[in-house]
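The whole chain comes after that.

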Amino acid sequence: MVANFGYNAGGWRVERHPRLVVDLTGDRRADIIGFGNAGVWVARNNGNGTFQSPQLAVGNFGYDAGGWRVERHPRFLADTTGDGRPDIVGFGNAGVWVSRNNGNGTFQLPQLLVGNFGYDAGGWRVEMHPRLVVDLTGDRRADIVGFGNAGVWVARNNGDGTFQDPQLVVDNFGYNAGGWRVERHPRFLADTTGDGRPDIVGFGNAGVWVARNNGDGTFQAPQLMVNNFGYDAGGWRVERHPRLVVDLTGDGRADIVGFGNAGVWVARNNGDGTFQDPQLVVGNFGYEAGGWRVDMHPRFLADTTGDGRPDVVGFGDFGVWVARNNGDGTFQPPQLIVGNFAYIAGGWRVDMHPRFLADISGDGRADIVGFGNAGVWVSISI
């Protein structure tokens, strides 16, 4: 689809150049965005699943343009103004920089909006302090969330794309406050109660901890909700067992999904933010069940059928496997749907070739987008 953004086509590297597939214009069709050497490049979707030639949209946030580094400076796309179009949010040395979306896939010049959450401004480190950009209050404007040393810090959006000073909202889930570690304890923001506001969900040593959102960007004290999916509780490991928090049933409440040794385990949400005991729902996609490896086989939850409920999608050795969601948090047996994008079928590598699930045709079904050697390859869902 695009003879660029690839390992050979353009010289793009995972360790230098983040790439994303996201709708930049609000037309419900994903565009391609890449943080290259010279800055941010965008290939606009033509509206039919094909793409325009890449254009340099911002001369910053790049490896050379600004000196941004993957191992120091996280970068995201998130709507900070409420116009339905994502802006560029980068955690640089001096703090949080935002480049607002003009609505057509181009962007304004970056502005330093928070003098914190940065490599120098606050001493934040990728290997210690996860950071996210997500709407905490339901006003459709993204706030800044950081898991620091002392716990969880939040910089609330003022409603106009600027931010308040950071506040410590939970004295847990942090490097010192609780002893949370990136290499052991995944942390997410997901709505577990159905109120439209994400809660903090952390996979700790003893299991899954949840701090419920009060609705104003502050949180209740963490509670241990599931005695599993943890480093000690179940023996789950980041380097072996991906875990996600996503609504599987369409009830607006996130469930817990883990790719364990024996396959895919699900802890269904009871509807009130508590969870059922984990159940093995697919005897595949696991470390032992199928021989899936984090460093070889990406796995996602994405809606491939348009029914509003995510399916399990795995990039295996011989192609892309999908286990369709039955609608109740259980899944059908996996099927091989594309004999490519895989470790053996096509020679795709995690450390060279990012792969995503995104709707590029506007039909409500996730398509496969892969950044290969020759550029961007797409397989449209049918």
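**Strand S22**

I looked up strand S22 (residues 311-315) and found it mostly covered, with 5 of its 5 residues buried. Buried means under 20% relative accessible area with a 1.4 Å probe, protein chains only. Strands are DSSP E runs of at least two residues, numbered from the N terminus. The model is predicted: local features need pLDDT of at least 70, side-chain atom pairs count only at pLDDT 80 or more, and totals for chains, interfaces and linings use all residues. Residues are numbered from 1 along each chain as its sequence is written, and side-chain values use heavy atoms, leaving out hydrogens and water.

I checked both faces of S22. Asp311, Val313 and Phe315 are buried on one side, Val312 and Gly314 on the other.

**Its partners**

I then followed the pairing (at least two DSSP bridges between two strands). S21 (residues 299-302) runs antiparallel to S22, joined by 4 bridges. There, Phe300 has Val313 of S22 as its bridge partner. S23 (residues 320-323) is also antiparallel to S22, with 4 bridges. Gly314 is bridged to Trp321 in S23. S22 and S23 make a hairpin with 4 residues between them. In the turn, Gly319 has a positive phi of about 150°.

**Whole chain**

I counted 0 helices (DSSP H or I runs of at least four residues) and 27 strands in the protein chain. I noted that 48% of the 382 residues are buried. The C-alpha trace spans about 50 × 50 × 30 Å along its principal axes. Among contacts (heavy atoms within 4.5 Å) between residues at least 6 apart in sequence, 42% join residues at least 24 apart.

How values were computed: Buried means under 20% relative accessible area, exposed over 50%, partly exposed in between (1.4 Å probe, protein chains only).
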